[in-house]
Amino acid sequence: MRWITGPLVAATFALGAMAPTTVSAADLPPSRQAGNTLGAPLGREALRPVPRAWIVADAGVVVDASELVVLTPDDEAADTLIRQATPLGYEVLRRDALDALNQTLIVVRIPQGRTGPQAIAEIEQLQASATAGVNHAYSVPAASAALERFQYADAMIGWPASGCQSHAAIGLVDTAIDPAALSTLSARIETADFRRDPGEQTGTHHGTALAALLAGPGRLLEPEIFNAVVAGDGHTLGSAAGVDDLLRALDWLAQQDVRVVNISLAGPYNKILDIGIQSAAARGLVLVAAAGNDGQSSNPRFPAAFEEVIAVTAVDADQEVYSNAVHGPHIDFAAPGVDVAVPLGDQLQFVSGTSVAVPFMTALLAADPMIQGPIDPTEIVADYGKSAVDVGETGKDDVFGFGIISVADQCS
């Protein structure tokens, strides 16, 4: 892990030495206080099934077809399940206590001769409290470079040239960040790598660009960014994040007192991710995610399509939606995301994609002094929807959501 404060200063910390942050029920969003609490782990009864056609369409989008990811509500259930599953040929590949999410995560190898659906049914029959699913892949949406010189983003949303003070720690679930490219920033950046092969060099371009949008010149002032590395720059399944990687990242962020989480990855609906996202929201994390770059005819992409997540799409300087953006009723807001100028060291690059739009929403939330109070995602959407610039059809629509975000009075 690495801290960056102005000029690069490096220190090494042991991830296991970090104590979980204690959160009481009073700290949770109001809608979570009366129902689910941190003392009641979520199980299969909390799942929100999606149409079977979506499942079939994404059947091959997995990081490893031989793996099964399982959640249990506690260590005792995990021990019991392992004792039952091992004689049947299941091999335990890893086990993690996700204390902040109130779950135990197990990754197992499926025995030869069984399909994924057969293995899921068998595991869930062995342990009634377990939720099993395939290890879907979540990729950084491909961003395209452009030569046009559009530096319209700040003016479009009313972001002041002097920047806005950050009031909350930010989680950046993405690729790694290149500290050399951001050495002049005032941001404090801590990094933890959750990829299955942390030693693999798979690029830092995407995460670095998003960090620059959060903390570059005139952006957030003195932000604290926790970079949870789960993916690489490559747009193949080999550089994508597994659902187990995502949950371990969310658990770490929940332990670091992070308030707002920027997720610029997209992929299929997944049962394990469903429970993980609900658990993270119950913990008090405000999750912001990219709509996805699979086109308007695509099925909704997750985690953006979960109701606890604020889904952001991208628009250009003419307020037209990004041509590859995913559409749907889950879209909440639009933000600049086409030909956006990103300063990286002494160079200026231009990038496009829904992932580019997410940091604008994340920065806006982090700059809001109210972010530290009890906040429900639905309340955030409703409040920011009032100040959004309505484009497209009148009112909330499937293309722009409530419209283009506006700083209004949120920045202090």
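Predicted model: local features only at pLDDT ≥ 70, side-chain atom pairs only at ≥ 80, totals over all residues.
Figure 1. For context, the secondary structure of the protein chain comes to 10 helices and 18 strands, and 57% of its 412 residues count as buried. Among contacts between residues at least 6 apart in sequence, 80% join residues at least 24 apart.

**Figure 2. Strand β11 and its pairing with β9 and β8.** Strands of a sheet pair through backbone hydrogen bonds, either parallel or antiparallel. Here β9 and β11 pair in the parallel sense over 6 bridges, while β8 and β11 pair, also in the parallel sense, over 5 bridges. I225 of β11 is the bridge partner of I189, and I225 also has I170 standing opposite. Because 5 of the 6 residues of β11 are buried, this strand is largely enclosed by the rest of the structure.

**Figure 3. The crossing of helices α6 and α9.** Two packed helices are described by the angle between their axes and the distance between the axes. The axes of α6 and helix α9 (residues 354-366) come within 9 Å and cross at roughly 35°, and the crossing in which α6 passes α9 is right-handed. On the α6 side the contact is made by H206, L210, L213 and L214, which meet S355, V356, P359, F360, T362 and A363 in α9.

Figure 4. The side chains of R188 and E224 meet in a salt bridge, with an N to O distance of 3.1 Å. This pair links distant parts of the chain, since R188 belongs to strand β9 (residues 188-193) and E224 to strand β11 (residues 224-229), 36 residues apart. R188 is partly exposed, with a relative accessible area of 37%, and E224 is likewise partly exposed, at 24%.

**Figure 5. A salt bridge within helix α7.** The structure holds 18 salt bridges, and the one shown in this view joins D245 and R248, whose closest N and O atoms are 3.1 Å apart. The two residues lie 3 residues apart in helix α7 (residues 243-255), so about one helical turn separates them. D245 is buried, with a relative accessible area of 1%, and R248 also counts as buried, because its relative accessibility of 10% falls under the 20% cut-off.

**Figure 6. The salt bridge between R48 and E307.** The side chains of R48 and E307 meet in a salt bridge at 3.9 Å, taken from N to O. R48 is partly exposed, with a relative accessible area of 22%, whereas E307 is exposed, at 62%. Salt bridges that share partners join R48, D274, E307 and E308 into one network.

**Figure 7. The surroundings of N135.** N135 lies in the loop between β4 (131-134) and β5 (137-138), where N135 is buried, with a relative accessible area of 0%. The side chain of N135 reaches the backbone nitrogen of V243 at 2.9 Å, and the side chains of N135 and D244 make a polar contact at 3.1 Å. Leaving aside residues up to four places away in sequence, N135 touches V62, V63, D64, E67, V69, R196, G242, V243 and D244.

Terms used
Residues numbered from 1 in each chain as written. Heavy atoms only, no water. Helix = DSSP H or I, 4+ residues; strand = E, 2+ residues; numbered from the N terminus. Buried < 20%, exposed > 50% of the residue type's maximum accessible area, 1.4 Å probe, protein only. Polar contact = N/O pair within 3.5 Å; in protein donor to acceptor, adjacent residues only side chain to side chain. Contact = heavy atoms within 4.5 Å. Salt bridge = Lys/Arg side-chain N within 4 Å of Asp/Glu carboxyl O. Axes fitted to C-alpha atoms, helices over the stretch in contact; angles between N-to-C directions. Left-handed = near helix turned anticlockwise from the far one by under 90°. Pairing = 2+ DSSP bridges.
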